[in-house]
Amino acid sequence: MQENRNLKKSVFHIAKMDCPCEANLIKMKLDGDTDVLQMDFDLAQRTMTLVHTGNAGRIAGILETLNLGSSLIETSSTDICSIKDSPLEQRRVLQTVLAINFAFFLIELTTGIFSSSMGLVADSLDMLADAFVYGMSLMVVGAASSRKKRVALLSGILQMILAGLGLSEVIRRFLGFEETPEFRTMIGISLLALIANSVCLWLLQRMQSKEAHMKASVIFSANDVIINLGVILAGVLVWWFDSLLPDLIVGVCIFIIVMRGALRILQLSR
């Protein structure tokens, strides 16, 4: 076990770190390095803070091989007791939001089928897609680089399949003669999902994590809140116009969001 007096905190400027993709690249490069204990990223300032043992110059040399314009700003002593956003805390939060998303996937899928609401079905598949993202983030905590890439690739492919199936179902319903969905069920279940996603977003934001996989989870939860509001609005419009078109339109929008998220994940798996 390392003594606290041997711990150091080094701040690096990464000139070409424009998005979580570069941060993820750095994480995969440094994962497995026994000197590195924690990595925190600030994308806005393009900085990375490392808690580590050993020589910061050696780590700087590793970062230079990525050609991201990295430079060491400062190194100082630190205390491991003061480190926040630990892998253990990340696992607890991710396990909680994963359980919430999977539970509401089952609830929304079931009620969406029985109420003939494409919006609820789409939102349920979005919940399942998010569960893949949270599961991937959970496996990323402390995992090896090769495992991260395999998990990211599988998650992206599954999301693309779900989005494709969903869009084909929307087209089938648009061309067919489906009954108008039950707007009360749409609104009621979406309100419950909105509360659940708001709790997930609060849990993730409370950590104030700057790591790429945690920031990605925050983005997906924020999107979920917007999607829930969209389904609620669709339910109101279905009731107002007595038409299934608002339900189909919001379903298309959700599946497009799922597909865009899948493409982003596939980019990280390269």
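Analyst: The N-terminal end of α2 is capped by N55, which places a side-chain oxygen 2.6 Å from the backbone nitrogen of G57. The model is predicted, and the distance is computed from its atoms. Helix α2 itself covers residues 56–64, and its buried residues are A56, I59, A60, I62 and L63. Viewed down the axis of α2, these buried residues fall within an arc of 160 degrees, so they line one face of the helix.

On one side of the pairing list is β1 (residues 8–14), which runs antiparallel to β3 and is joined to it by 6 bridges; F12 stands opposite M48 of β3. Strand β2 (residues 36–42) is also antiparallel to β3 and is linked to it by 6 bridges, with M39 and L50 as bridge partners. A hairpin is formed by β2 and β3, with 4 residues between them. In that turn, R46 has a positive phi of about 55 degrees.

L153, L154, I157, L158, I161 and L165 make a nonpolar surface patch of about 520 Å². Of these, L153 lies in helix α5 (residues 145–175) and is partly exposed, at a relative accessible area of 40%.

Note on methods:
Residues are numbered from 1 along each chain as its sequence is written. This is a predicted model: local features need pLDDT of at least 70, side-chain atom pairs count only at pLDDT 80 or more; totals for chains, interfaces and linings use all residues. Side-chain values use heavy atoms; hydrogens and water are left out. Buried means under 20% relative accessible area, exposed over 50%, partly exposed in between (1.4 Å probe, protein chains only). Helices (H or I, at least four residues) and strands (E, at least two) are DSSP runs, numbered from the N terminus. The arc is that of the directions from the helix axis to the C-beta atoms. A polar contact is a pair of N or O atoms within 3.5 Å; within protein, one must be able to donate a hydrogen and the other to accept it, and residues adjacent in sequence count only if both atoms are side-chain atoms. Patches are made of residues with over 30% relative accessible area and no salt bridge: like charges are joined within 9 Å, nonpolar side chains (Val, Leu, Ile, Met, Phe, Trp, Tyr) within 5 Å. Accessible areas come from the Shrake-Rupley method with a 1.4 Å probe; for residues, only the protein chains shown count as cover. A salt bridge is a side-chain nitrogen of Lys or Arg within 4 Å of a carboxyl oxygen of Asp or Glu. Two strands pair if DSSP finds at least two bridges between them.
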